[in-house]
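Open the structure in your viewer and get ready to select. This tour goes stop by stop.

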There are 2 protein chains.
Amino acid sequence: MENHVTAMYKPTDKVKEDNPSLVTKRSVKFSKKDGDHSVITINGLKEPADHPDYPAISDLNLHIASTYVRDAKIGHNFKFKHDERSLRMYDIYNKWYLEYLLYFFLFVIMALALFEDPAVPNLALPIWSTMIIESTCLAYFTFRLIHSKTCMSGIFWMGDIKNWIVSGVIVITVLDMIIYAILLSKEKPWMRLVRVLRPLFLLNFKETRELRRSFRNIRRSLPGIFSVLILLFLVIGLFALLAREIFEDDSLLKPDASDYMSQYFENFWDLYVLVTTANSPDIMMPAYDSSPWTMLFFIIYVILCIYIFMSIFLAVIYKDYRKHLKNEVQKSVFMKRRHLVRAWDTLKVWKNPIFVIPWQRWMAVMKQVEPSRSVAELKLIWKVLDKDEDNNIDKRAFMKTVDILNVTIIEKSRFVPLWEKYFPSMYNSKASQFVINLIKHRFFGFFFDLLIVANAILIGFRIEYLEWFFLTIFSVEIVLKLYALGLYCYFTNLWNVFDFVVIVSAVILSIAAKAAGSNGGIERRSLDIVLVLRVLRLVRIFNNFEKFQVIMKTLVNIGPSIVPFGGVIVVIYYVYAIIGMEIFAGKITYYGYPSEEEMATFNKSLLFCGNPKLEGSEFYRDHYCNNNFNNILKAFITLFELMIVNQWHVVTSGFVAVTSKAARIYFLCFHITMVIIIVNIFIAFILEVFMVEYSLSKSSFESEIEKKIEELGLRAQVGSTTFTDRSSLTPNMEQEGSNELSREEVDLSKFQLGKSSNSVLKILQNMFEGELDEEDLGPADVEDLEQLDVHQTDTSPYPLTLGNVV
Amino acid sequence: MENHVTAMYKPTDKVKEDNPSLVTKRSVKFSKKDGDHSVITINGLKEPADHPDYPAISDLNLHIASTYVRDAKIGHNFKFKHDERSLRMYDIYNKWYLEYLLYFFLFVIMALALFEDPAVPNLALPIWSTMIIESTCLAYFTFRLIHSKTCMSGIFWMGDIKNWIVSGVIVITVLDMIIYAILLSKEKPWMRLVRVLRPLFLLNFKETRELRRSFRNIRRSLPGIFSVLILLFLVIGLFALLAREIFEDDSLLKPDASDYMSQYFENFWDLYVLVTTANSPDIMMPAYDSSPWTMLFFIIYVILCIYIFMSIFLAVIYKDYRKHLKNEVQKSVFMKRRHLVRAWDTLKVWKNPIFVIPWQRWMAVMKQVEPSRSVAELKLIWKVLDKDEDNNIDKRAFMKTVDILNVTIIEKSRFVPLWEKYFPSMYNSKASQFVINLIKHRFFGFFFDLLIVANAILIGFRIEYLEWFFLTIFSVEIVLKLYALGLYCYFTNLWNVFDFVVIVSAVILSIAAKAAGSNGGIERRSLDIVLVLRVLRLVRIFNNFEKFQVIMKTLVNIGPSIVPFGGVIVVIYYVYAIIGMEIFAGKITYYGYPSEEEMATFNKSLLFCGNPKLEGSEFYRDHYCNNNFNNILKAFITLFELMIVNQWHVVTSGFVAVTSKAARIYFLCFHITMVIIIVNIFIAFILEVFMVEYSLSKSSFESEIEKKIEELGLRAQVGSTTFTDRSSLTPNMEQEGSNELSREEVDLSKFQLGKSSNSVLKILQNMFEGELDEEDLGPADVEDLEQLDVHQTDTSPYPLTLGNVV
């Protein structure tokens, strides 16, 4: 950490007077005055020369500092080199278009499975074209890797396992493509199982931090789950043995006339399926019919395995999830702080008795970090940070910079309706104001809520001739609300957006249906759906009740937190789908289910889903032929159905019938991965979101940090109309940018806080930050926070209080 | 509270010299010396006369104090009157045989359903006999109620809603019995639906506190669940509407050729069943076959309803459960403390500068509270309490009395094997000691673990000719262990008991099977099962690994905590079973499933489970006829299968077929009560047990309180061999009992702590006590703690820290 900061305050001999950037101009001016007050040590122990002004900051140091602040803001942990070239390369590396291009190519390489053999019908592409697309993706990944290498010192790059994984997968994929091409030219088959590795790209680029974090959570929960799983399998194995001993002498039969509980491994399978409840009560019925007492066996088994073991699974996962979440939160906070401390060390100047950062330096950094922000906005943020208004901030305030940057600030003028701006006299007339007050009155809302209920009832009872009336009145509602609230206010409320989309599309579709005649087919049906969607607005009514608000808020807040989780699920689905396609593609196909009369005329090769082995099977009887792995979409849907668990053993039995009993391994693995691990983690995740959400809504109905900033904002607003106390700044510091600011006489009260939909992780980070000592940068011996382990944070004494345990 | 304590220290003029009890003798001796130092006020503000000795305590006050201590110990909250007669009646009321008689009659009145029409086959009793049994039960309940009335002042008795419920149910039941008898004599039918009220007896006697507490928890969680449930039903209703609009024009058919998704209320039912996953993927297949895009509808629905809503149900319940558990814990701790404070106020004497309780008074109370404890044991407990060994304890120490009484104390002599006592020379001989050390060595255990594995494998592969060898060697193991450890040590380990039972019964059964010949029928089969049970010992091996220990410990600790929960489930099952029997009994009966050939010869009236309406139904096809409500046992099993959820809609469809669609309401209600509410509470309960267990095992692998007492015990052991410092006691206090004690010269180190299997509630109580201020008796304005509400304890500031939230 120290090695790059010692370069600070070196003589600014490479300054160019004609440098066009504001920042450099300022640094030039500083350097003129400074002479060589440059050998100030930065460890804070030696006191620097007490100079009335500040030494100039070099371009490089400014660049370093702003890069650290930016990385702290977006949460990157990139060990860039501290020379000008690397920093410039790193700036390019972080350009939004290069980043989005990466996401695009990641999406493309994943989506290729749609077009490659076995392709989704109508989407099949020739092999040369998919090969070219894949090569392009790989080329971009390689470019990205090399690019990151140029900004990093070699040791760090080499030390990052992720880079090696990406490189490895690229090499393997290229080899696989070559082999495939060669074999194809000789018309020999080749399993492209290497496609299973594609999700590794998704997981191993720096940009997919969140996804990796979710995966890490899962990986770390595995040991805990593993021991319960072993115990569960042991218990199942034991009960399978018991079942054989109890039932084999009775020569019972299942409804399909097969032997009942007579073979050990069949028993094991049946009992495992029973743990998933999928074959209950069928598996019990033959025994129950023969003797009621045998139900005791099943009752004990079910209570033990379904209720107790499955709950313990959830408990183990929930406990681990909380532990890891806590760990992740701490890690990201420490990482952010370390970045900021590095920036601080680069920027700070000595002003007796402490180090501070002056307004000019801070502003210069912010101009680089947040070029899109207006000067007024930055000034507002500075006001919040600089509490004593001496135009310097201390370390404590500087560390808050990033958090405040992440709060959405909106200019109040945006809340003023356009019509008020352009036709103020009309808009502010008495009649207009009366109408506006009427519209804003809560009875206006109640009236339309009532209409929604009425409309819903009519839709339910299919009384459609009033539809035009409702459509008109709801359109009028939208126009009125738009008039009263203005565009910005109207469309920042999600319910209004929903209303708008539904009603406008309903109007358009109604007109289209009218135009196309009464049997307009697709328009008619879409219209039906839109009509029904309007009933969803009923949910809005429930939002009026406090009880429902926490639940609704949870549902909404799950949104941003769920995205990385969805990524994990997609990755797992993808891997299983590719494997499933390689094993099962083409074995079962849906050709319709001929009735007994049609049977005779039906194409023989298409009978029984194109596979005579399915004749008489439960799979065919239940019409499950569409649940196959013939292309990636079908595979996804089949896996989705397997995830819901019910009847998964029947789906399995179908694929066992067309291959062998070994196919069970595939389905068993999917069940363990998806249902026992991932779904439980998902439940743990929802539990946690709910708990956090509830604790917050209970304490103040608002996140702690938001309240704090709002309060600061208010304070800033109260004494803010003039940006006074400029006398402390020496005249020569009043250069262009700064002068412009002071002359503009910004009204800081014109801003207000925007709504922020924080993810749970964000909320927890803010909470953790509130508890943490301000100087705490995490365990000193852990340089690379990626390696920071759970156990280290666990050693802190855990107060065993009722509040913590219950 | 004060009114009964003012009676303290009144002149002991009613003393009888010849009273045989030790306590009264002592109080007589005191009274001789005291004269009239009796007007000492008890509120602690007025200083009493500074007398070198203590005033005598009256019989009545001693009785009051010991009653309060006993109630605090067992957790009763009974507002008994403070006169001698009421106290004596209350002592009788608390006699164990009267209490167990109550449990017995509660069991009998519940179990009557087995014998009443529709009775379990072979258990049917004539109506007059069940009537007599029921009357007896009711008579005992009435007696119990009247008895409790005699110990309580009328106002408290009247103010207790529980007494009114019990009285009310008794009256209603008697009326019902009379009507039933009259109608029966006129041969008219009468539904004995009043039996549904029987569980109210179970819930409303003072003795079933734990059960009531569990019920209260559930009742309090209902409002939270209710709002989510409404939201869920709204969403289902909406999707049902959407499904009708999407699918009705396609004229799709289900596999059973019925219309697909065309009627609103059918859609609603189907989609509700889909939330339970029971009809997945069947309900999706027709739509999927017609167009893959329709799967989007189901995917959105499933993610929203199954994954998100069901998780939120669990989250809401878990949150409420924790809140209520915390509340219950606080309530019970406060109740105990208030009882103890009352006892303290009655017993305390002034010894400058504080109130204390002297050894004699404490001992007198303990003799009444714990008559079964030996004097030495009580002395040990006193040692733990009386830290400064001045033979007085202060309030702080007195408040701990009950907790220490609840710790099991075992005499060390019980750990010495019998053979050591009777044949010491033989047992302690070198050869014997060598063998014992060998047996106690861990390799001895490993060796037999290996043998168990080997035996398990052989049993799995049905290699039975080595069975005699294993049986012999395991018997030898038991004998050796018994020799080395002694009876007490051997049988206090549950694994050893299990071993012993399994091996001894295996030996007996083997001999019986040998005697009965090789095809010994029932012996042979039991032997098989016993052989397999031995495989359970494999689990013991896993207990060697630390990872499994937490899980095993949780499994074991769930035991005591689960009992009241089991009670709740039995009550709910009972109510639904009685209702189910009244509605569905006799509608469906199992008569076997004739094959197509047998069909012709089969009794027509017995075809299709005795109900032709079931012909061709899925219910019959799946052989579910035994899932009926023809007697209470069958009803319980049917409800159990409904609780597992899978195929519950098929069971429902059977009963819908033989009655009407209204039958769905019964099954829907059961599903909501049992699966959505109770099972989720059960999972929340296991989560909580696991979390508490884990926190404890992590901190010290031992409950905090146990550790503390052990430490105190050790301290007591170190300086305990003589009960010194008796000089502070005046000679006249050295009466019989006390003299006896001091002369005996008890070796206090001969005791050691027994293993306690604490329930989670107990652990949490101890934890909470550790946090609580010692003087805190709960909110002062709440006199009756039963009324103490959640919200009151919730107002305490809840520190919003990462540790609390995550």
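**Stop 1: chain A.** Keep in mind that this is a predicted model. Select chain A and color by secondary structure. You will find 37 helices and 5 strands. Next, think about the inside. Chain A has 806 residues, and 35% of them count as buried. Now consider which parts of the chain meet. Take the contacts in chain A with a separation of 6 or more: 74% of them are between residues 24 or more positions apart.

**Stop 2: both chains.** Show chain A and chain B together. In general, two copies of a chain are related by a rotation about an axis and a shift along it. What rotation superposes chain B on chain A? A rotation of 180°, with 0.0 Å of shift along its axis. The RMSD is 0.1 Å. That is the relation of a two-fold axis. The same surface serves both copies, as 100% of the contact residues of chain B recur in chain A.

**Stop 3: the contact.** Zoom in where the chains touch. Chain A gives 91 residues and chain B gives 91 residues. Which helix supplies the largest share of chain B's side? Select residues 295-347 of chain B: this is helix α12, and 16 residues come from it. Then color the touching side of chain B by residue type. It divides into 61 nonpolar, 16 polar and 14 charged residues.

**Stop 4: a helix in chain A.** Select residues 59-74 of chain A. This is helix α3, with 16 residues. From its first C-alpha to its last it reaches 22 Å, close to the 22 Å expected at 1.5 Å a residue. Is α3(A) largely enclosed or open? It is largely enclosed by the rest of the structure, because 12 of its 16 residues are buried. Show the side chains of some buried residues, including A:Leu62, A:His63, A:Tyr68, A:Arg70 and A:Asp71. Now step just past the helix. A:Gly75 follows α3(A), and its phi is positive, near 80°.

**Stop 5: a sheet in chain B.** Move to chain B and select residues 349-351, 354-358 and 392-393. Strands of a sheet pair through backbone hydrogen bonds, either parallel or antiparallel. Here the open sheet has 3 strands in the order β1-β2-β3 (chain B), and the pairing is antiparallel. The edge strands are β1 and β3 of chain B, and each pairs on one side only. Strand β2 of chain B is joined to β3(B) by 2 bridges. Finish on one pair: B:Ile357 stands opposite B:Ile393 in β3(B).

Technical notes
Residues are numbered from 1 along each chain as its sequence is written. Chains are lettered from A and ligands numbered from 1 in the order in which they are written. This is a predicted model: local features need pLDDT of at least 70, side-chain atom pairs count only at pLDDT 80 or more; totals for chains, interfaces and linings use all residues. Two residues are in contact if their C-beta atoms, placed from the backbone, lie within 7 Å. Helices (H or I, at least four residues) and strands (E, at least two) are DSSP runs, numbered from the N terminus. Ala, Val, Leu, Ile, Met, Phe, Trp, Tyr, Cys and Pro count as nonpolar, Asp, Glu, Lys and Arg as charged, and the others, Gly among them, as polar. A residue is buried if 20 or more other C-beta atoms lie within 10 Å of its own, exposed if 12 or fewer, and partly exposed in between; C-beta atoms are placed from the backbone. Copies are superposed by least squares on the C-alpha atoms of residues with pLDDT of at least 70 in both. The expected span of a helix is 1.5 Å times one less than its number of residues. Two strands pair if DSSP finds at least two bridges between them.
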